[in-house]
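Please open the model in your viewer and keep the sequence panel beside it. The stops below say what to select and what is to be found there.

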Amino acid sequence: MSSFIDRVMLHVAAGDGGHGCASIHREKFKPLGGPDGGNGGRGGDVVLVVDAGVHTLLDFHHHPHQRAGNGRPGQGSNRSGATGDDVILRVPDGTVVQAKNGAELVDLVGEGTRYVLATGGQGGLGNAALVSRRRKAPGFALFGEPGQEIDAVLELKSVADVGLIGFPSAGKSSLIASISAARPKVADYPFTTLVPNLGVVAAGDSTFIVADVPGLIPGAASGKGLGLEFLRHVERCAVLAHVVDCATAEHDRDPLADLDAVEVELAQYTGSAAVDDRLGSLAERPRIVVLNKADVPDAREIAEMVLPDLRARGLAGYIVSAVSHEGLDELRYALAARVEHARADRPRAAPTRIVLRPPPADEAIVVEPDPRVEGGFLVHGAKPERWVRQTDFANDEAVGYLGDRLARIGVEAQLAASGAMSGAPVRIGGVTFDWRPSSDLDSDAAYLPGPRGTDERVAPSDRRGAAERLAAKRARRRPDEPA
Ligand SMILES: Nc1nc2c(ncn2[C@@H]2O[C@H](COP(=O)(O)OP(=O)(O)OP(=O)(O)O)[C@@H](O)[C@H]2O)c(=O)[nH]1
Ligand SMILES: [Mg+2]
């Protein structure tokens, strides 16, 4: 079975999440209104959707870069930012998605199947959403998270729609070269083509795949020439196109005789068991006749004489020249119409509406010594890295909030267990901190998450010592770090 591999590298970026808003409600005579900063909107996703109307990856060869919309920032008065627009990419049934390293991510089968290739960034929480019992008036908000950026390879193994069959040197390879981007070898001796060639042909809105197979000669069924072996490459073609040489100098040949000889061979081809029974045998397949080499004056005359005979047999004939390109547009549209007709005949599978997502990010948190920094540690983990990206390091409260979150999921305990000393440089997602364990600060060993804000409206009892605690405890960004 011949399959044609259409491959394209896609560079996609999901939208960034919008930043959360830090705002305080203001109303006449109520100077100390509560926090009312809204959340940022989610960034848009980049989504692949199987569409039975799409047959090749041609579009992506032209537009390999795709970017979804960013989420909008939150605003005061608890207004959330708008969600970023998704980008929907329509792909053919049977598209295989691979990561850049070749690992298969997903095999997209069935009309309507969706796969989220790149996930939009979460919006940052606004300060209204960050209120807790201990942090009553947060003076900060979280940044939106950047959208995922992914390079992926789309691969489509498709089967040809049209098979070009005919005698050696009839011009099959010349023809596929003149109507598609395929560039097979062309020469004036028989059996130039030893392996099938495939090309994508466009005609108006329709695209289809044409296969050029090695030539057939009388007796092919009994093994003459290259035999019938290569006909398995056209077994699943919905349409056959006889390519006939109208300029042959051999006295015992003419277009109708060649056509008959090829038909005799086709009739003897039994094929493999795997053929789609809706298509029927090769002998029953719809076919047209391409009368080639019309640029040669004698050949054109012969072609015109043959047309009525073909019509009498119920066959459509097209007079073309692969060399001068005459008649090729008409041929492309005629083939497209037959291919579309065959596609419409094949019942479509009911939409499956399967939504596939990449496996959830690994929640594991790994702490290890930093090989590049003496006494330093690296912290890996989806959550800590995301939280660092969402933190406004210019805001002490925001940094304190990050410290609380990290302690709560056990990063602090893991650092201590790994032997980190107070003051050790700890790197998370590209940002380095001086690690200050909370046990340094609180006499009790158990960590107590607490408000670290300096906002005036924090209850005085909560604020006691806050400034000192903050100064000692906050995770400081080292001056050598890029912002
Ligand atoms: N004048 C003229 N010559 C053509 C035309 N098409 C093909 N030829 C010539 O015919 C010869 C055979 O062309 P190919 O395209 O290799 O024929 P093929 O059918 O692929 O042959 P095999 O691969 O051997 O089966 C080459 O010398 C071509 O240049 C045409 O439209 N006009
Ligand atoms: Mg050839």
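For the first stop, residues are sorted by type: Ala, Val, Leu, Ile, Met, Phe, Trp, Tyr, Cys and Pro count as nonpolar, Asp, Glu, Lys and Arg as charged, and the others, Gly among them, as polar. This is a predicted model, in which local features need pLDDT of at least 70 and side-chain atom pairs count only at pLDDT 80 or more, while totals for chains, interfaces and linings use all residues. Residues are numbered from 1 along each chain as its sequence is written, chains are lettered from A and ligands numbered from 1 in the order in which they are written, and side-chain values use heavy atoms, with hydrogens and water left out.

**The whole chain**

Begin with the protein chain coloured by secondary structure: it has ten helices and 19 strands, where helices (H or I, at least four residues) and strands (E, at least two) are DSSP runs numbered from the N terminus. Of its 483 residues, 49% are buried, where buried means under 20% relative accessible area, exposed over 50% and partly exposed in between, with a 1.4 Å probe and protein chains only. The accessible surface of the chain comes to about 23,400 Å², and 52% of this belongs to carbon and sulfur atoms; such areas come from the Shrake-Rupley method with a 1.4 Å probe, and for residues only the protein chains shown count as cover. Among contacts (heavy atoms within 4.5 Å) between residues at least 6 apart in sequence, 72% join residues at least 24 apart.

**Ligand 1 and its shell**

Next select ligand 1 together with the residues that have a heavy atom within 4 Å of it. This shell holds 24 residues, of which the closest are Lys 172, Ser 173, Ser 174, Thr 193 and Asp 295, and it divides into eleven nonpolar, nine polar and four charged residues.

Which polar side-chain atom lies 2.8 Å from an oxygen atom of ligand 1? One belongs to Lys 172, and an N or O atom in the side chain of Ser 173 is likewise 2.8 Å from a ligand oxygen. From the backbone, a polar atom of Gly 171 is 2.9 Å from an oxygen atom of ligand 1. Taken alone, ligand 1 exposes 650 Å², and the protein buries 87% of that.

**Helix H2**

Stay at the ligand and select helix H2, residues 172-179, which gives the largest share of the shell, three residues. Six of the eight residues of H2 are buried, so the helix is largely enclosed by the rest of the structure. The buried ones are Lys 172, Ser 173, Leu 175, Ile 176, Ser 178 and Ile 179, and they pack against E9, E10 (197-203), E11 (206-212), E12 (239-245), E13 and helix H5 (328-345).

**Two loop residues with positive phi**

Most residues other than glycine have a negative phi. Move to Ser 169, in the loop between strand E9 (162-165) and H2, where phi is near 65°; at 28% relative accessibility this residue counts as partly exposed. Then select Lys 293, in the loop between strand E13 (287-292) and helix H4 (297-312), which has a positive phi of about 75° and is partly exposed at 23%.

**Strand E2**

Now select residues 46-50, strand E2, in which five of the five residues are buried, so the strand is largely enclosed by the rest of the structure. In a regular strand the side chains alternate between the two faces of the sheet. Both faces of E2 are covered, with Val 46, Leu 48 and Val 50 buried on one side and Val 47 and Val 49 buried on the other.

E2 pairs with E4 (residues 87-91) in the parallel sense over five bridges, and Val 46 stands opposite Val 87 in E4. With E7 (residues 114-118) the pairing is antiparallel over four bridges, and Val 116 of E7 is the bridge partner of Val 47.

For the last stops, select Glu 149 in strand E8 (residues 149-158), which counts as exposed at 63% relative accessibility. The C-alpha atoms of Glu 149 and Val 12 are separated by 5.8 Å, although the two are 137 residues apart along the chain.

Finish at Asn 395, in the loop between helix H6 (382-389) and helix H7 (396-408). Is this residue buried or exposed? Asn 395 is buried, with a relative accessible area of 17%, and, not counting residues up to four places away in sequence, Asn 395 touches Gly 139 and Phe 140.

How values were computed: Polar contact = N/O pair within 3.5 Å; in protein donor to acceptor, adjacent residues only side chain to side chain. Pairing = 2+ DSSP bridges.
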